[in-house]
Amino acid sequence: MVARYKLGMPQFILEDFNLENAERRLCLEALERAGNIVGAAKLLGITRHAMKRRIIKLRLDWTRGAVPPRTPSSGSTGPS
């Protein structure tokens with residue numbers, strides 16, 4: 001079960017040096033990859049509680065067990 005979260009995070013280039021935007025991208029990518037808050041927290045190396053605080057702080061649209069919609073800036077090219 002732990003091996004599922006050892007996939008690691010992809011590298012990406014930041015458009016600017018805005019720390020809040022970088023944190024938002026990392027959190028959304030982790031949530032999308034893991035599919036849940038606990039898995040996303042493990043990917044980021046933080047606690048579940050810290051992940052929930054970031055979801056609230058960054059006003060991320062995340063509901064339990066739901067994958068948030070990808071924004072055009074996050075690299076989605078639409079349905080495959």
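The axes of helix 1 and helix 2, the latter spanning residues 37-44, come within 8 Å and cross at roughly 125 degrees. This is a predicted model, so please hear every value as computed. An angle over 145 degrees would count as roughly antiparallel, and 65 to 115 as roughly perpendicular; helix 1 and helix 2 are therefore oblique to each other. The handedness of their crossing is right-handed.

Which residues make the contact? On helix 1 they are Leu 26, Cys 27, Ala 30, Leu 31, Arg 33 and Ala 34, and helix 2 supplies Ile 37, Gly 39, Ala 40, Leu 43 and Leu 44. By class, the contact between helix 1 and helix 2 has nine nonpolar residues, one polar and one charged.

Staying on helix 1, which runs over residues 19-34, I want to look at Glu 23. Is Glu 23 buried or exposed? Its relative accessibility is 17%, and the cut-off for buried is under 20%, so Glu 23 counts as buried. Leaving out residues up to four places away in sequence, Glu 23 touches Arg 54, Lys 57 and Leu 58. With Arg 54 there is also a polar contact between the side chains, at 3.0 Å.

Now the chain as a whole. Its secondary structure consists of three helices and zero strands, giving the pattern α-α-α along the sequence. The chain has 80 residues, of which 25% are buried. Of the contacts with a separation of 6 or more, 49% are between residues 24 or more positions apart.

That is what I have.

Technical notes
Residues numbered from 1 in each chain as written. Predicted model: local features only at pLDDT ≥ 70, side-chain atom pairs only at ≥ 80, totals over all residues. Heavy atoms only, no water. Helix = DSSP H or I, 4+ residues; strand = E, 2+ residues; numbered from the N terminus. Buried < 20%, exposed > 50% of the residue type's maximum accessible area, 1.4 Å probe, protein only. Polar contact = N/O pair within 3.5 Å; in protein donor to acceptor, adjacent residues only side chain to side chain. Contact = heavy atoms within 4.5 Å. Axes fitted to C-alpha atoms, helices over the stretch in contact; angles between N-to-C directions. Parallel < 35°, antiparallel > 145°, perpendicular 65-115°, else oblique. Left-handed = near helix turned anticlockwise from the far one by under 90°. Nonpolar A, V, L, I, M, F, W, Y, C, P; charged D, E, K, R; others polar.
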